[in-house]
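Visitor: I would like a quick tour of the contacts between side chains. Shall we begin?

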Amino acid sequence: MAGPSFARTRRRVSGAAGLMWPLLGACLWAAVVGYKPVIIVHGLFDSSDDFKNLKRFINESHPGTNVTVIDLFDRGASLEPMWKQVDGFKAAIYPIMQNAADGVHFICYSQGGLVCRGILSVLPDHNVHSFISLSAPQAGQYGDPHHRDLYVNTSDYLALINSERPNPNSTAWKENFLKIQKLVLIGGPDDGVITPWQSSQFGFYDDNETVIEIQHQDLYLRDVFGLKTLAARGDLFFCTFPGVEHVWWHSNETVFHSCIEKWL
């Protein structure tokens, strides 16, 4: 028969085990729900300092997330040629991808959304899960829709990544782009800068200056770089949010919770 000392020892062991199981469970839970790193690319005339609020929103909703706002081509340097920016941002982002075994998320604002599309097109081994395009002129910015031929023949960036003119890399670029898991297109009618605002969701003017939505655009119907494939996969999402001016998209907490948070 066990004596009192043995009983006390067993109670102490049982009590220690009882404390360890919740701790172990918490550690396992943290490992399971670990959040992927988030990479933020700024827009025209912005800098990394402009994204403090967005970074805070992410850290408050998903504690422990590694959030990196790439500090390149700030302010006036954002006018540098787009392919130069793609090369620079890609070089800064690639090491983060390599250190993220489970992949990363992109949040790319305004012109940064076009930079990110270039990166996703030319980088064959990227591991981007959610590509969140935040009020970016994905179908272009209004100039003159009556001179489309001039745009197609002279644009050395957007017309190429859209495969709107012959491009020997178009097949490879499409395959690279389609490695993303989700494409989230955020924009709204009160943006005031992106023109038409539907460009943030791949809509644009026709020759009569009537906005043609994405599902009727040639680049979607011919699936030239993968939009229709993403839609067929169930991986193309839209968030249309009124009442937000262009410069406030990344600082609006309601936009974050409504359009961004669930994709991270």
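Visitor: Which residues form one aromatic cluster with W83?

Guide: This is a predicted model. A search of the whole structure finds ten aromatic pairs. One cluster contains W83.

Visitor: How is the aromatic pair of F57 and F256 classed?

Guide: The ring centres of F57 and F256 are 5.7 Å apart. Their planes make an angle of 40°. Stacked needs under 30 degrees and edge-to-face over 60, so the rest count as tilted. The pair of F57 and F256 is therefore tilted.

Visitor: How many residues apart in sequence are the parts that F57 and F256 tie together?

Guide: F57 lies in helix α2, residues 52–61. F256 lies in helix α10. The pair therefore ties together parts whose separation in sequence is 199 residues.

Visitor: Is F256 buried or exposed?

Guide: Buried means under 20% relative accessible area. F256 has a relative accessible area of 1%. So F256 is buried.

Visitor: How is the pair of Y142 and Y205 classed?

Guide: The ring centres of Y142 and Y205 lie 5.4 Å apart. Their planes are at 80°. Planes over 60 degrees apart count as edge-to-face. So the pair of Y142 and Y205 is edge-to-face.

Visitor: Where does Y142 lie, and where does Y205?

Guide: The pair links distant parts of the chain, 63 residues apart. Y205 is in strand β6, residues 204–205. Y142 is in the loop between β4 (128–134) and α5 (148–154).

Visitor: What is the handedness of the link of C108 and C116?

Guide: Both C108 and C116 are buried. The angle about their S-S bond is -85°. The link of C108 and C116 is left-handed.

Visitor: Which elements hold C239 and C259?

Guide: C239 and C259 are joined by a disulfide. This pair links distant parts of the chain, 20 residues apart. C239 is in strand β8 (residues 236–240), and C259 is in helix α10 (residues 253–260).

Notes
Residues numbered from 1 in each chain as written. Predicted model: local features only at pLDDT ≥ 70, side-chain atom pairs only at ≥ 80, totals over all residues. Heavy atoms only, no water. Disulfide = S-S within 2.5 Å. Buried < 20%, exposed > 50% of the residue type's maximum accessible area, 1.4 Å probe, protein only. Helix = DSSP H or I, 4+ residues; strand = E, 2+ residues; numbered from the N terminus. Phe/Tyr/Trp six-rings, centres within 6.5 Å; stacked < 30°, edge-to-face > 60°.
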